[in-house]
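Student: I have a new structure to read. Can you take me through it step by step?

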2 protein chains.
Amino acid sequence: MNRFLKACRREAVDRPPVWVMRQAGRYLPEYREVRRKAGDFLAMCRDPEVAAEVTLQPVRRFGLDAAIVFSDILTPLVPMGAELSFGPAPHISNPVRTPDDLERLRLPQPWSGTEFLSETLARVRAELDPETALIGFCGAPWTLASYLVEGATSRSFTKVKHFAHHYPNDFDRLLEMLADAMAAYLRTEVEHGAQAVQVFDSWVGTLGAEDARRWALRPARRLLQSIADLGVPRIYFANGGTHLLGDLGEMPCEVIGLDWRADLATAARSLPQHAIQGNLDPGVLMGPDEEIRRRTLAMLDQAPNPGYIANLGHGITPDVPVHAMKTFVSTVQGYRYE
Amino acid sequence: MNRFLKACRREAVDRPPVWVMRQAGRYLPEYREVRRKAGDFLAMCRDPEVAAEVTLQPVRRFGLDAAIVFSDILTPLVPMGAELSFGPAPHISNPVRTPDDLERLRLPQPWSGTEFLSETLARVRAELDPETALIGFCGAPWTLASYLVEGATSRSFTKVKHFAHHYPNDFDRLLEMLADAMAAYLRTEVEHGAQAVQVFDSWVGTLGAEDARRWALRPARRLLQSIADLGVPRIYFANGGTHLLGDLGEMPCEVIGLDWRADLATAARSLPQHAIQGNLDPGVLMGPDEEIRRRTLAMLDQAPNPGYIANLGHGITPDVPVHAMKTFVSTVQGYRYE
């Protein structure tokens, strides 16, 4: 079994596995080349040939331990009824603002409408070395609900908090519907070749502990629990969730992903039952190579073993030089557990 | 002495004092009325009659324990050489991108170029009841350096991190210059009537602990230390700094301001020498009045005593209804320490 899947299960490995959030992205010249020809971001996601190619690009270049299928957390909202576009920031032209708006949302049963992703997964799996894992993903219910209500990336999240506070039962219904939809969606991903899944709770950090428990962690648990039978490692990425470490230990998943605000040693003590994934500041990749190496080694020395997957603490940014990514990855690849 | 100043010094008070970050703002109809006539945001700041009027508006309406002078953390960057505009988001048209760009920055000695603010403070102080404190403020060095380098509000802060990693000595020089400039600026604020000062480190939460220590907390300490002789309470607002609680205890100030991700009881244990200010989620003010009341009371019950100042965990947002602000403030005003 490959190094990434072993580490997810807290089994012994020779060195930490490494992959990077948004590794198929604009910092890569070969990605920009494909994108120039292929048109907009959603069109790329929907073309399995293009999506498979960009999924594989970083794996070929850096020899990563895992590929993550090229997509966006918002794409499965389209078959649910969202009118989504990227300009390049995501925009939903029919946001959910009242309980009545929920009637427009549907949960395709069986799940359908993302067949392009299934084909992309199958293509990537066919090309990947058995030593490289294929990761599927989705957004967490709170994060998706935020986009559905706000209609766009927000700074203050006041529209979704307005909805949640004023219509608590309807909001719970929305969160549960999203949990069930994403469970079905991840199920199709695993059926088509995903060997692990990551649930991105990109916006859980906008909630204090009380609200995070009811609006983010509870529906994410519902989602994670309902795919337990798939038998693949489940990663819950709690972006900005340093204040929730005490609660994350109860998440029904194998791996907790953390951003760079979290102290890995503290996190490992709080999460003795989970593998941990993260968490170098993507901003460190803006620095000189020797600093990237020093900070990466410091992170690896502090990380738990077994049960650790090296990654950044958030997606790699478009302005990162390719050599910086190379330095990060090869530093992990050159590391050896005693 | 008024309730707010006593609480800053951890002296006994009958109830928690209360004020709200950005209390003079767009959620108030009387503010929007003034703004319609006065033109853009910077023009309002620079007109002492207008700025004094909007500073006083929320105090008149809600009977708050403190007024905070109407301004923006970026205004003192203008006499330092920044070409600043608000459209409405802040924009600096001559950002600092290389060490050479630092040569354009100047530290007026003695401090000058913000005489409008001094006049505003004097006007407000003359009108305020002695029971209402007047707060002056500035941005913290890291936060101001981020704006100077990025040129605008950023999501990823890669430009400032690039600068900091590649030119560490120059970046230290920039941070020290900003610390010294803001110390001089706060000094003029206190000379003209500010009875307490708040240093806003709005972006400290974008840094992991190691970087926060050298780029945010160290220069903020320099700033806070160098105004110790003024004898007024100093508040350091560590927005997004829940992961830094262990370090915040060493800040040379009387009060630590926290956002809503922090648990107040935990914070109070970590900060036994400081008063604490905060930290209701501004998003709670989007909810029904009974929820605002419940959450405010829960916060007050958890807060330390003595040494606590009720506030939101971040600035009030423009879409908050006036009655919600009223409910928050009057819930605090109706609370009594046993």
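Student: What share of the contacts in chain A with a separation of 6 or more comes from residues 24 or more positions apart?
Tutor: First, a caution: this is a predicted model. Now the contacts. Residues 24 or more positions apart make up 74% of the chain A contacts with a separation of 6 or more.

Student: How many helices and strands does chain A have?
Tutor: Count 13 helices and nine strands in chain A.

Student: What percentage of the residues in chain A is buried?
Tutor: Buried residues account for 56% of the 338 in chain A.

Student: Let me try one residue. Is A:Gln23 buried or exposed?
Tutor: Count the C-beta atoms around the residue. The cut-off for buried is 20 or more others within 10 Å. A:Gln23 has 28 other C-beta atoms within 10 Å, so this residue is buried.

Student: Where in chain A does A:Gln23 lie?
Tutor: Look in the loop between helix H1 (3-8) and helix H2 (29-38) of chain A.

Student: Which residues is A:Gln23 in contact with, leaving aside its neighbours within four places in sequence?
Tutor: Look for A:Pro58, A:Leu64, A:Ile68 and A:Ile316. A:Gln23 and A:Leu56 are 33 residues apart in sequence, and their C-alpha atoms are 9.8 Å apart in space.

Student: Now the strands of chain B. In which sense do strand S8 and S9(B) pair, and over how many bridges?
Tutor: Read the direction of each strand, then the bridges. Strand S8 (residues 275-280) of chain B pairs with S9(B) in the parallel sense, over five bridges. Within this pair, B:Gln277 is opposite B:Ile309, and B:Gly278 is opposite B:Ala310. Follow the chain as well: S8(B), helix H12 (residues 289-302) of chain B and S9(B) form a right-handed β-α-β unit.

Student: What joins strand S7 to S8(B)?
Tutor: Strand S7 (residues 255-257) of chain B runs parallel to S8(B), and three bridges join them. B:Ile256 has B:Ile276 in S8(B) as its bridge partner. The path from S7(B) to S8(B) goes through helix H11 (residues 264-270) of chain B, in a right-handed β-α-β crossover.

Student: How many residues of S8(B) are buried?
Tutor: Six of six, and the strand is mostly covered. Strand S9 (residues 308-312) of chain B has five of five buried, so it is largely enclosed by the rest of the structure. Check both faces of S9(B). One side holds B:Tyr308, B:Ala310 and B:Leu312, the other B:Ile309 and B:Asn311, and all are buried.

Student: How many residues does the contact take from chain B and from chain A?
Tutor: The contact takes 24 residues from chain B and 24 residues from chain A. On the chain B side, helix H7 (residues 158-166) gives the largest share, five residues. By class, that side has seven nonpolar, 11 polar and six charged residues. Of the interface residues of chain B, 100% are also interface residues in chain A, so the copies meet through the same surface.

Terms used: Residues are numbered from 1 along each chain as its sequence is written. Chains are lettered from A and ligands numbered from 1 in the order in which they are written. This is a predicted model: local features need pLDDT of at least 70, side-chain atom pairs count only at pLDDT 80 or more; totals for chains, interfaces and linings use all residues. Two residues are in contact if their C-beta atoms, placed from the backbone, lie within 7 Å. Helices (H or I, at least four residues) and strands (E, at least two) are DSSP runs, numbered from the N terminus. Ala, Val, Leu, Ile, Met, Phe, Trp, Tyr, Cys and Pro count as nonpolar, Asp, Glu, Lys and Arg as charged, and the others, Gly among them, as polar. A residue is buried if 20 or more other C-beta atoms lie within 10 Å of its own, exposed if 12 or fewer, and partly exposed in between; C-beta atoms are placed from the backbone. Two strands pair if DSSP finds at least two bridges between them. A crossover is right-handed if, with the strands pointing away from the viewer, the path from the first strand over the helix to the second runs clockwise.
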